[in-house]
Structure formats: C-alpha cells, structure tokens
Amino acid sequence: MLINTNNIIDPVQIENRYAIFSTYSDDVVFHRENVTTPIFCGGIIKSISQKVYNFKINELIGYISRKQSSELTLSANQIVKIAINNNEKLIAVLPYASYAMKILRQVEPLLNQNIAIVKRNFFSILLERLIKLSGAYVFLVDFDSEVNKLNETSINTIIYDSSTPEMNEIISKINCNHKIDLHSISLYDKGLNDRNYIKGVKYPYSYIRWDFKKNLEYFIHLIDSKKVILDFFEVHAIKISQVDEIKRKTSEIKENSLILFKISN
C-alpha cells in the first residue's frame, strides 16, 4: 500500500535513512503480503509546515512507507519520535510492532486469561511479550504435536495464521471459542490511507478505529521503559549511500535474513 499524500494539511518532509527487508518464508509483513521491496521505517525531518507541532528539523523519526524514494512527505499523524539513544533494532521492528499492536487491540487480553499463539518465530515472540504485559498467560506453540496439548488447558483465545495449508484442520480440533486468524487482519492501519487522518484530523480516543500513531508511541514507551526487550529480534545492518543501491542489494540477500538498510550521505 502506497500512502496518498495529496492535500496534507500538516506535512512533514522526510529524508529516508532506514529501510527494512526480510526474506523469511513465514514473515508476516513481507512474505504473506508478497512485498518485494523494502519498507522505509526511519528518517530525518528536513522541513515542517507551520501547522506541525512538537517536531523539529533534523529530528529522527519512525514511520512506515513503501514509497521507494530518497525523500517523502507524510502527515505529522503518520510519524513518531525516536530518541537518539534508541538502538537500530527499534527502528527495524516498527512495521512488525505496528501490526502486533493492532492484533493486541483485537485480542483485548485480560488478567489470568489463557492465550495461545500458534507458530514460533520472531513476530510471535514479539506478540507474546506484548500480551503478557496484560497479565494473561501465553502459550506459544509450533503447529505440530504441541498444538494438540492445548486441549489439556482451557484456552480463551487462540491466534494463528490460516495461510499455512494444514493450519485450519489443526485449529478446528482445538476447543476454544475465540479464534483469531491473522490472515483475516490487514497489516495496514486504516489511518495510513484515511483522507481525513492524512489531512491531520485527530480522532477521539473512543472512536472505533486503530490508531497507527498511538500504537507506535505506546510501543516505543514499552521499549524505553524496558518492559519489552528486543533480545529475540536479530537484524543485520547494511550501509548504503543512496536508495538506488537497494534494488541490487536485495537480490543478493540470502534466505531467512532480516536486513536493515542504513542510508548515509
């Protein structure tokens, strides 16, 4: 999804500095959506309009954009501040964190609930850590013999991805009322392509919608306060001098790799 930037009332001009790319066969962001180009997730503010507040020139920010260019313009609604002392893992994980936070809102875990997540990978570990903060118990299992053990426990919610061919049959055998199929939940927040949101309209907290910016700001707070540690998230950084180099570099990346492109002038 490319973000429409027409008629932005609070525009921020950005110089792209970071882009994430994955070749993992079970990657929920790249493989499932057939994304073949990097997702830009961090950069430097080059200019702001008079209607933009709380941001400065040359400030490091996070965002999500698939537009393949060295510069872009986004609404202030679509960017978040990244502290200088944050490591590059935080910037790289933002597309995954945005999706995980959206799923968290969908699950609405409660204290002492039993939540099961089927399929063990770095995204499910991220989701597991976020859900545990609610006080729920999380069972992270692979979709083989471990799944069958879930019927030995009273499970409130099970989270799975039906894009795996045999997954539906396995899940159908589990006694659980609330089943959440990740394949049915869009990766992208409605706000990213909502005309009013792009224009700078702030929706009230009680409005029934996913709020991309609030979700990411809360996630960054969890990282800053060390309530979520990214020790499970491994990313390899590659330095490049310009965006045009990315296409050649992605063709050289090995399978099951997570790459953060760092663009330096």
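User: Which strands does helix α2 lie across?

Analyst: Helix α2 (residues 122–132) lies across β6, β7 and β8, and runs at about 170° to β7. Helices (H or I, at least four residues) and strands (E, at least two) are DSSP runs numbered from the N terminus. Axes are lines fitted to C-alpha atoms, for helices over the stretch in contact, and angles run from 0 to 180 degrees between N-to-C directions. This is a predicted model, in which local features need pLDDT of at least 70, side-chain atom pairs count only at pLDDT 80 or more, and totals for chains, interfaces and linings use all residues. Residues are numbered from 1 along each chain as its sequence is written, and side-chain values use heavy atoms, with hydrogens and water left out.

User: What is the strand order in the open sheet?

Analyst: The order of the four strands is β7-β6-β8-β9, with parallel pairing; two strands pair if DSSP finds at least two bridges between them. β7 (137–141) and β9 (178–181) are at the edges with a single partner strand each, so one side of each has no neighbour in the sheet. From one strand to the next, the twist averages 15°.

User: How many bridges join β6 and β7?

Analyst: Five bridges pair strand β6 (residues 114–118) with β7 in the parallel sense. Isoleucine 115 is opposite valine 138 in β7.

User: And which residue is the partner of isoleucine 159 in β9?

Analyst: The bridge partner is isoleucine 180. β8 and β9 run parallel and are joined by four bridges. Between β8 and β9 the chain passes through helix α4 (residues 167–172) in a right-handed β-α-β crossover, meaning that with the strands pointing away from the viewer, the path from the first strand over the helix to the second runs clockwise.

User: Switching to helices: how do α1 and α2 cross?

Analyst: The axes of α1 and α2 come within 10 Å and cross at roughly 50°. That makes α1 oblique to α2; angles under 35 degrees count as roughly parallel, over 145 as roughly antiparallel, 65 to 115 as roughly perpendicular and the rest as oblique. The crossing is right-handed, that is, the near helix is turned clockwise from the far one by less than a right angle.

User: Which residues of α1 and α2 meet?

Analyst: In α1 they include Val93, Tyr96 and Ala97, and in α2 Phe122, Phe123 and Leu126 are among them; contact means heavy atoms within 4.5 Å. The contact has 14 nonpolar, no polar and no charged residues. Ala, Val, Leu, Ile, Met, Phe, Trp, Tyr, Cys and Pro count as nonpolar, Asp, Glu, Lys and Arg as charged, and the others, Gly among them, as polar.

User: At what angle do α1 and α6 cross?

Analyst: Helix α1 (residues 88–107) and helix α6 (residues 212–224) cross at roughly 115°, with axes that come within 9 Å. α1 and α6 are therefore roughly perpendicular, and their crossing is right-handed. The contact of α1 with α6 has eleven nonpolar, two polar and two charged residues.
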